[in-house]
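Subject: Structure handover

Hello,

Here is the structure you asked about, with the sequence alongside. My notes on the salt bridges and the ligand site follow below.

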Amino acid sequence: MIAEKLAVVQENINKACKNAGRSPKEVTLISVSKTKPVEMLQEAYDAGARVFGENKVQEIMDKYDQLPSDIEWHMIGHLQRNKVKYIIDKVSMIHSVDSLRLAETIEHEAAKKNVCMPILIEVNVAEEESKFGLKTEEVLPLIEEIASYSHIKVMGLMTIAPFVADPEENRSVFRKLKKLSVDIAAKNINNITMSVLSMGMTNDYQVACEEGSTMVRVGTGIFGERNYSIKED
Ligand SMILES: *Cc1c(COP(=O)(O)O)cnc(C)c1O
């Protein structure tokens, strides 16, 4: 069941890349497993998934110990500074950095563990009130500050596009994030790369692939609907 869904999503990514003249190898599929039990993650793992996305620190810690160690965990949700220490040596990437204070904490905790944390800057491209993330014009100033940190590596940008009925409505959002990353890359800032664009979810990952996404975060399309009334925290 999960194996089939994973295969369908991968096939859709392949098609979207082909449409856009891109290689599907440029796109990493992140299986977003938040709220789902470890049995389902294991099923995805057995079907070949190795990259999982979670949005809660506690959930990463619980699942981390129960699943194979070659899984790459990605923190994709809003991160509180006091919780950075719990995941700093567990996750491969933090997608949701949206303030200098959070970056400072990551730098501090990464230094303590002697690791260098790959991060993305979260951009609220559509400027939705309800969403975390920086405004477009706030991104470069933050990146210029973080560039001097030796335990953080800025790899690119992330956005959560609005929930829309027709994924085409988000094409302009993805284009704006891509343009921002190209503009920042052109500045050749030391220690900064813009090789990762984390954009596209179940509803709109094909459009995101056509517009240059390198990481799509797909939950519902792989694991089915989430039921928040059963598992709350
Ligand atoms: C939940 C979540 C996703 C996955 O959403 P789906 O619509 O289920 O694919 C992707 N990105 C982030 C940041 C999320 O919190």
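Glu 109 and Lys 112 form a salt bridge, with 3.4 Å between the closest N and O atoms. Please keep in mind that this is a predicted model. The count of salt bridges comes to 13. Another one of them joins the side chains of Asp 89 and Lys 90, at 3.9 Å from N to O; that pair falls inside the cut-off because a salt bridge is counted within 4 Å.

Now the ligand. The ligand sits in the largest pocket. The residues around the ligand are Val 32, Lys 34, Ile 76, Ile 160, Met 201, Thr 202, Arg 217, Val 218, Gly 219, Thr 220 and Arg 226. By type, this shell divides into 5 nonpolar, 3 polar and 3 charged residues.

For Thr 202, an N or O atom of the side chain is 2.4 Å from an oxygen atom of the ligand. In the case of Arg 226, the distance between a side-chain N or O atom and a ligand oxygen is 2.8 Å. Taken alone, the ligand exposes 390 Å², and the protein buries 90% of that area.

Regards

Conventions
Residues are numbered from 1 along each chain as its sequence is written. This is a predicted model: local features need pLDDT of at least 70, side-chain atom pairs count only at pLDDT 80 or more; totals for chains, interfaces and linings use all residues. Side-chain values use heavy atoms; hydrogens and water are left out. A residue is near a molecule or strand if one of its heavy atoms lies within 4 Å of it. A polar contact is a pair of N or O atoms within 3.5 Å; within protein, one must be able to donate a hydrogen and the other to accept it, and residues adjacent in sequence count only if both atoms are side-chain atoms. Accessible areas come from the Shrake-Rupley method with a 1.4 Å probe; for residues, only the protein chains shown count as cover. On a 1 Å grid over the protein atoms alone, a cavity is a set of points where a 1.4 Å probe fits but cannot get out, and a pocket is an open set with protein on both sides within 12 Å along at least five of seven lines; lining residues have an atom within 4 Å of a point. A molecule sits in a cavity or pocket if more than half of its atoms lie within 2 Å of its grid points. Ala, Val, Leu, Ile, Met, Phe, Trp, Tyr, Cys and Pro count as nonpolar, Asp, Glu, Lys and Arg as charged, and the others, Gly among them, as polar.
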